[in-house]
Amino acid sequence: MEIAIVSGKGGTGKTSLAISLASILDDVQLIDADVDEPNCSLFLDLKMKHKADAEILVPEINYDKCTLCGICSKNCEYNALMKVPDQILLFEKMCHGCGLCSKICPEKAIQEIPRTIGKVLQGENESLLFNYGVINVGEELSTPVIAQLKQHISKTKEIVIIDSPPGSACPMVETVADVDYVIVVAEPTPFGLSDMKIVVKTLNILKKKFGVIINKDGIGDEELENFCINEKIPILLKIPFSLEIARKYSEGLPFIKVLPQMKTDLETMMIIIQEKIL
Ligand code: SF4
Ligand code: SF4
């Protein structure tokens, strides 16, 4: 069972929930797919090992064959290639590794070579397998790093929890693409509702099963809850607003350490999710 945890914006408590869930479940893999800013590892006392490089394939031109026709540069959607009088310039960081240029080159003058843009790390203890991806400083393409991180999803663990990047752009879409269920974490404020509506729209387009956790319940208004009721979106759980949760989070402790009585609520929620998936 693969479950992604998403939110319309950062700071909603997504990571705290992912760590809390991973800590109460048995036979679980936790994946931190927020590759621009992975911070699940700060909450876990695990020795991390380099597992793999995250790479994309970029073009390399063989000038023994290239006739400087310019077909490759004209057709690159991302303007990563530019024809100048004596060569084709490649702007590496603009190349999305789509492979089009090598396919359409009439002279077969382009081969694809790997370029490292990040890495995948892994750590484990008796109950938890943990992986995260991280993008190299200065790189912009987080989606390929997430795609390669997902190749390390365990086939043997009963539950896989994936902490998604915030927002609803390509990195979130890549993260939730193959999961069985999505948990949307949202705050009951006008901003929280606005961001959640965009996430909900995206998940509906992707035809994903999902439910909402209202975090920091009590700080805002009823609008987010009313929206969920009107749209028939299941409210899986409400986590009360608490300054103590914020304080402990800054010390590297997830909310379940402050509210251990919510363990039963989380376990019940997982049973409900399991029923929704089947
Ligand atoms: S399409 Fe091929 S032959 Fe034409 S400029 Fe590009 S690399 Fe050279
Ligand atoms: S691989 Fe795609 S993005 Fe990269 S240079 Fe070729 S056509 Fe452009």
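This short talk walks through one predicted model, from its overall layout to some of its helices and loops.

Before the details, a word on conventions: residues are numbered from 1 along each chain as its sequence is written, while chains are lettered from A and ligands are numbered from 1 in the order in which they are written. Because the model is predicted, local features need a pLDDT of at least 70 and side-chain atom pairs count only at pLDDT 80 or more, whereas totals for chains, interfaces and linings use all residues.

Let me start with the whole chain. The C-alpha trace of the protein chain spans about 70 × 45 × 35 Å along its principal axes, and the chain holds 10 helices and 11 strands, where helices (H or I, at least four residues) and strands (E, at least two) are DSSP runs numbered from the N terminus. Of the 278 residues in the protein chain, 41% are buried; here a residue is buried if 20 or more other C-beta atoms lie within 10 Å of its own, exposed if 12 or fewer do, and partly exposed in between, with C-beta atoms placed from the backbone. Taking the contacts with a separation of 6 or more, 74% join residues 24 or more positions apart, and two residues are in contact if their C-beta atoms, placed from the backbone, lie within 7 Å.

The chain is divided into domain 1, residues 2-54 + 119-277, and domain 2, residues 63-108, with bounds that come from an automatic or database domain assignment. The C-alpha centres of domain 1 and domain 2 lie 39 Å apart.

Now to the two ligands. Around ligand 1 there are 13 residues, of which Cys66, Cys69, Ile71, Cys72 and Cys105 come nearest, and a residue is near a molecule or strand if its C-beta atom, placed from the backbone, lies within 6 Å of it. The shell around ligand 1 divides into 10 nonpolar, two polar and one charged, counting Ala, Val, Leu, Ile, Met, Phe, Trp, Tyr, Cys and Pro as nonpolar, Asp, Glu, Lys and Arg as charged, and the others, Gly among them, as polar.

Ligand 2 has 13 residues around it, with Cys76, Ala80, Cys95, Cys98 and Cys101 coming nearest. Strand E3 (49-61) and helix H3 (100-104) are the elements that give two or more residues to that shell, which by class has 10 nonpolar, three polar and no charged residues.

Let me turn to the covered helices. Helix H4, residues 142-150, is largely enclosed by the rest of the structure, because eight of its nine residues are buried. The buried residues of H4 pack against strand E2 (28-32), E3, strand E6 (110-124), strand E7 (128-135) and helix H5 (170-176). Helix H1 is also mostly covered, with nine of its 11 residues buried, among them Leu17, Ala18 and Ile19.

How do H1 and its partner H10 cross? The axes of H1 (residues 14-24) and H10 (residues 263-277) come within 10 Å and cross at roughly 85°, axes being lines fitted to C-alpha atoms, for helices over the stretch in contact, with angles running from 0 to 180 degrees between N-to-C directions. H1 is therefore roughly perpendicular to H10, on a scale where angles under 35 degrees count as roughly parallel, over 145 as roughly antiparallel, 65 to 115 as roughly perpendicular and the rest as oblique. Ser20, Leu21 and Ile24 of H1 make this contact with Lys263, Leu266 and Glu267 of H10.

Gly192, Leu193 and Met196 of H6 meet Glu223, Leu224 and Phe227 of H7.

Finally, two loop residues. Most residues other than glycine have a negative phi. Leu68, however, has a phi near 55°; Leu68 lies in the loop between E3 and helix H2 (71-75) and counts as partly exposed, with 17 C-beta neighbours inside 10 Å.
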